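Please read it alongside the sequence and the model.

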Amino acid sequence: MDYQEAPQILRDFLAYHERIQAHSKLTVDEYFLDLRNFFRFLKRERDQNLKDKNPNEIEISDIDLDFVASVNLRDIYNYMLYLSRERIRHPNSAKSDYGLNAASRARKLAAIRSFYNYLSAKTHQIENNPAKEVDSPRLKKSIPKYLTLEDSLCLLSNVSCRNPERDYCILTLFLNCGLRISELIGLNIKDIQGENLRVLGKGGKTRMLILNDACQDALRDWLEVRQSIEGRDADALFLSERQRRISRSGVHQLVKNHLKSVGLGEYSSHKLRHTAATLMLQNGVDIRAVQEVLGHEHLNTTEIYTHIDNEALRVAAKANPLSKVKRVKEPE
């Protein structure tokens with residue numbers, strides 16, 4: 001993404017996250033888009049001449065330290081109210097509605113917090129942090145959607161497409177290793193080291209995963225039919241039909257197609273990551289081991305999977321000898 005329209009103060013912040021914090025390009029791009037939207041809102045609110053202008057046409061290149069430092073708590077709350085009531089939910093859809101959900105608002109607030117924390121605590125360019133006291137939108141705790149073991153077996157047993165070895169291998173790695181889509185598309189052939197798989201995760205952190213027999217077999221079958229190519233993508237593990245490193249959208253589409261073909265709905269590849277975590281926990285894997293496999297920095301991120309309805313817990317509950325005891329009602 002081109003940051004040329006961003007003011008220098010914002011470009012410095014983005015560079016800090018990409019070079020020092022080692023955040024992914026995707027994360028940095030999201031910071032840029034969220035902060036650009038925030039500054040456009042502020043300029044529109046402060047300048048009557050911009051009230052009727054399309055927000056997407058408002059320039060932010062003139063934003064400077066004085067403008068940033070002038071932002072107060074009320075400005076941020078007004079922005080959050082705008083997001084809640086007036087922000088178009090799906091700008092490119094004819095069926096779009098207004099008002100972002102709590103999770104989307106929380107993400108945009110996180111970008112603002114990070115920006116002002118950088119200016120106040122890291123570079124000390126401003127004294128007061130207006131975002132410090134802002135309350136986050138209350139998020140509903142939702143249980144991740146996942147496939148059952150039977151669903152997973154059905155999915156893997158019905159891979160029928162133009163490139164079955166590749167797609168089967170991708171589905172197998174998702175379901176066994178719980179990879180993020182960014183991790184999967186970034187895999188290179190050299191990352192396969194015997195029974196180990198080197199994975200580059202969030203923030204440039206590397207972890208080593210053990211490949212089980214299913215993963216090793218699927219990789220072996222795919223590599224036997226994978227064509228050798230030249231150029232920058234020569235070492236890419238998974239290739240597109242055009243013999244380029246497979247893209248995020250390409251993986252999303254193939255996962256969606258295979259799930260739909262066996263009647264399992266239209267979900268993203270992240271559902272398969274949830275499935276891997278759930279199946280591991282349901283089959284006795286220690287939660288800290290699951291944390292390592294998934295590459296979660298904090299254990300509480302992994303703990304969300306412990307709230308998933310577990311068949312083993314249901315069996316245990318029904319096995320209790322008191323499970324069928326009913327209250328004896330006194331005669332009327």
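## Basis and overall make-up

Helices (H or I, at least four residues) and strands (E, at least two) are DSSP runs, numbered from the N terminus. On that basis the protein chain has 14 helices and three strands. The model is predicted, so local features need pLDDT of at least 70 and side-chain atom pairs count only at pLDDT 80 or more, while totals for chains, interfaces and linings use all residues. Residues are numbered from 1 along each chain as its sequence is written, and side-chain values use heavy atoms, with hydrogens and water left out.

Of the 332 residues in the protein chain, 39% are buried (under 20% relative accessible area; exposed is over 50%, partly exposed in between; 1.4 Å probe, protein chains only). The chain exposes about 20,200 Å², of which carbon and sulfur atoms supply 47% (Shrake-Rupley method, 1.4 Å probe). Among contacts (heavy atoms within 4.5 Å) between residues at least 6 apart in sequence, 57% join residues at least 24 apart.

## Helix 4 and helix 5

The axes of helix 4 (residues 73–85) and helix 5 (residues 102–122) come within 10 Å and cross at roughly 155 degrees. Axes are lines fitted to C-alpha atoms over the stretch in contact, and angles run from 0 to 180 degrees between N-to-C directions. The two helices are therefore roughly antiparallel (over 145 degrees; under 35 is roughly parallel, 65 to 115 roughly perpendicular, the rest oblique).

Helix 4 contributes Ile-76, Tyr-79, Met-80, Leu-83 and Ser-84 to the contact, and helix 5 contributes Arg-105, Lys-108, Leu-109 and Ile-112. These residues divide into six nonpolar, one polar and two charged. In the loop between the two helices lies Leu-100, which is buried at 10% relative accessible area. Its C-alpha atom is separated by 9.5 Å from that of Met-80, 20 residues apart along the chain.

## Arg-166

Arg-166 belongs to helix 7 (residues 164–177). This arginine is buried, with a relative accessible area of 7%. Leaving aside neighbours within four places in sequence, Arg-166 is in contact with Trp-222, Phe-238, Leu-239, Ser-240, Glu-241, Ile-246 and Leu-254.

## Positive phi values

His-124 is not a glycine, yet has a positive phi of about 55 degrees. His-124 sits in the loop between helix 5 and helix 6 (149–156) and is exposed at 59% relative accessibility.

Gln-243, also not a glycine, has a positive phi of about 60 degrees. Gln-243 is in the loop between helix 9 (213–225) and helix 10 (248–261), and is partly exposed at 26% relative accessible area.

Methods. Ala, Val, Leu, Ile, Met, Phe, Trp, Tyr, Cys and Pro count as nonpolar, Asp, Glu, Lys and Arg as charged, and the others, Gly among them, as polar.
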